[in-house]
Amino acid sequence: MHEFSHGPVLWQALAALLIFAAAYVCILIEKWDRTYTALGGALLMVVLGIIPLSKALSTYAHWHVLLLIASLFIMAGIFQKTGLIAYSASCILRKFRLKPFTILLGLSILVAVTSALLDSLLAIAVIIPIMLSTTKTMKISPVPFLISAILSANIGGAATLIGNLPNRMVGTAEHMTAGHFLTALAPLVIIMLIVVYLIIWILYRKKMIVSEAHKRELFNLQPTSYLNGDRTFLIAVSAVTGLTLIALFIHGFLNWNAAYIAGGGAFILLALNYKAPTHLVKKKDYHAMWSGLMETQLLFFLGLFIMVGGLTYAGISGFMATRGLELSQGNVSFLSLLLLWLTGFGSAVVDHIPYIAGMIPIIELMGTTVNHLTGESIFPLWWSLLIGSAIGSGVTLLGSTSSMYAAALSEQEKGGLTQQGYFIVAAPISLLLFVIATVYFKLFLL
C-alpha cells in the first residue's frame, strides 16, 4: 500500500478519488449503463497516469476472478435451458406449502452455511437462480429474498477460516487456526444473521403473500412439466454442470484453480449448446454477440477492478489507515473499534478483496509498532478488519464480488433489485449490525 508521497502525485490521488466517486454515484443512480460507466472511469485513470496500464492489467484486473465470473454466467445461462432450476423451485414450493418467508429463511441459511464452508460467490451462483425462479413462480417480488441472500453470503462467510476470501488471506498471513475463527467470530455471525432475518420479516412479512387462487394453480402444476423435452441435452448439461460444481466445491483439496475449473465447464457447455452461437455467427448478428458479452458482466467487472486498483494504487486506503494509527496512539481497544468502522466504510465503497489485501501489510505494521510499545496482542485488529469487511461489503451492491454477481443475476432475470432500493434497506441494517458488533467486541474481544 502506498502513501500519497510514494505512489502517484497528490493531484492524481485526488483525481482517482473524484473519478471513482463520480462513477460510483452514476452506478448508484442507474441513469447510464453501468458497464460503460465502469470502463469510462477505468480509462480515465489510465489516461491520467493514476495507474499504469501494465499495473492495471497485471495486478488489479484479477483475471482469474473475471474468468470465474464470466464462466459462471455462461454456465447459469445454459443450465437454465434444462428447466432444472424451475423444477427445483417447484419442488421447494410444494415442500414448504408456498410459505414465502419459510422459503426465504431456508434458502438464506443455506447461502450463509455454504459461504462459511465453501465460498460466497459459489453460494450466490447456485442459490440465487433458484430464488429468482421460486419468487417468479409465486408471483411475488424477489427483492427481499435477494437482500437476505446477499447479506447472508457476506456475513456468513466471516464465521470460519475457509469462508470469505479475506478470512483466508488473513488466516494465511497470520497463521491462524479454524478454532480461532470459530470461538471469536462464529457467535457474532450467528447473532447478526438472526437480526438480519428478523428485520427482513418485519419489513416484508405483509408483502410476501401468495393468493389462494394462485396457490391452487401452482399445486395443479407438476414439477416435471418444467423440464426440457430434449432428454439428451438435459442429461448432458446437468452432468457437466454437476461435475463442475463438485470440482469447485473440492478445488482446495484438488489443488486446482477454481477459475480454470469453471472455464472448462463453460467451454464444454458452449460446445453442447453450439447451435445458438453458430446461428449468431452465420447471421452476423454483431449486436446480439455484443449483448451476450455484456451479459457475462466481464467488461463491467474489468472496469470496476481497474478503478478500485487505481484508488488503491493512489494510496487512499493506506493514508486512512495510517491516520487511524496516529489517532489511536497505540491503544489497541480504541484502534480496534476505529478499524471496525473504518473498514466497514471502506468495504462499502470498494470491493473488499483488494481493500483487505491492501490493509494486511498496514495492520502488520501497526501490530509491530503496538507490540513494541505495549506488548499487547493485535488479534482484535484482525477481527475488526474481518467483521468490518463482512458487514461493510453488504452495505451496497458494490462492496463485494458476490453482491455484484447477485445484482447482475437479478438484472439478467429482471428481478427488480436496484442499487438504490438495496441501499435503502441494507444500509440501516448494516448500521445496526455495526452497533451490535461494537458491543460484542467490547464485551468479548477487547
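Colleague: Why are α20 and α22 called roughly parallel to each other?

Modeller: Bear in mind that this is a predicted model. The axes of α20 (residues 332-349) and α22 (residues 379-392) cross at roughly 25 degrees. Angles under 35 degrees count as roughly parallel, so α20 and α22 get that label. Their axes come within 7 Å, and α20 passes α22 in a right-handed crossing.

Colleague: Which residues of α20 meet α22?

Modeller: On the α20 side they include Val-332, Leu-335, Leu-339, Thr-343 and Ser-347. Among their partners in α22 are Pro-380, Leu-381, Ser-384, Ile-387 and Gly-388. By class, that contact has ten nonpolar, eight polar and no charged residues.

Colleague: What makes Ser-430 buried?

Modeller: Its relative accessible area is 1%, and buried means under 20%, so Ser-430 is buried. Ser-430 sits in helix α24 (residues 419-445).

Colleague: What is Ser-430 in contact with, leaving aside its neighbours within four places in sequence?

Modeller: Leu-151, Ile-391, Gly-394 and Val-395.

Colleague: How do you know that the length of α4 agrees with what a helix should span?

Modeller: Helix α4 covers residues 63-80, which is 18 residues. The expected span is 1.5 Å times one less than the number of residues, so α4 should span 26 Å. Its end C-alpha atoms are 26 Å apart, which agrees.

Colleague: And which residues of α4 are buried?

Modeller: Among them are Leu-66, Ile-69, Leu-72, Phe-73, Ala-76 and Phe-79. As a general point, an α-helix has 3.6 residues a turn, so residues three or four places apart point the same way. The buried set of α4 also includes Leu-68, Ala-70, Ser-71, Met-75 and Ile-78.

Colleague: What is phi for Lys-139, and why does Lys-139 count as exposed?

Modeller: Phi of Lys-139 is near 60 degrees, a positive value in a residue other than glycine. Most residues other than glycine have a negative phi. Lys-139 is found in the loop between α7 (120-138) and α8 (143-156). Exposed means over 50%, so at 62% relative accessibility Lys-139 counts as exposed.

Colleague: What makes Lys-414 exposed?

Modeller: Lys-414 has a relative accessible area of 77%, and the cut-off is over 50%, so Lys-414 is exposed. Lys-414 is placed in the loop between α23 (401-412) and α24. Phi of Lys-414 is near 55 degrees, again a positive value in a residue other than glycine.

Technical notes:
Residues are numbered from 1 along each chain as its sequence is written. This is a predicted model: local features need pLDDT of at least 70, side-chain atom pairs count only at pLDDT 80 or more; totals for chains, interfaces and linings use all residues. Side-chain values use heavy atoms; hydrogens and water are left out. Helices (H or I, at least four residues) and strands (E, at least two) are DSSP runs, numbered from the N terminus. Buried means under 20% relative accessible area, exposed over 50%, partly exposed in between (1.4 Å probe, protein chains only). Axes are lines fitted to C-alpha atoms, for helices over the stretch in contact, and angles run from 0 to 180 degrees between N-to-C directions. Angles under 35 degrees count as roughly parallel, over 145 as roughly antiparallel, 65 to 115 as roughly perpendicular and the rest as oblique. A crossing is left-handed if the near helix is turned anticlockwise from the far one by less than a right angle, and right-handed if clockwise. Contact means heavy atoms within 4.5 Å. Ala, Val, Leu, Ile, Met, Phe, Trp, Tyr, Cys and Pro count as nonpolar, Asp, Glu, Lys and Arg as charged, and the others, Gly among them, as polar.
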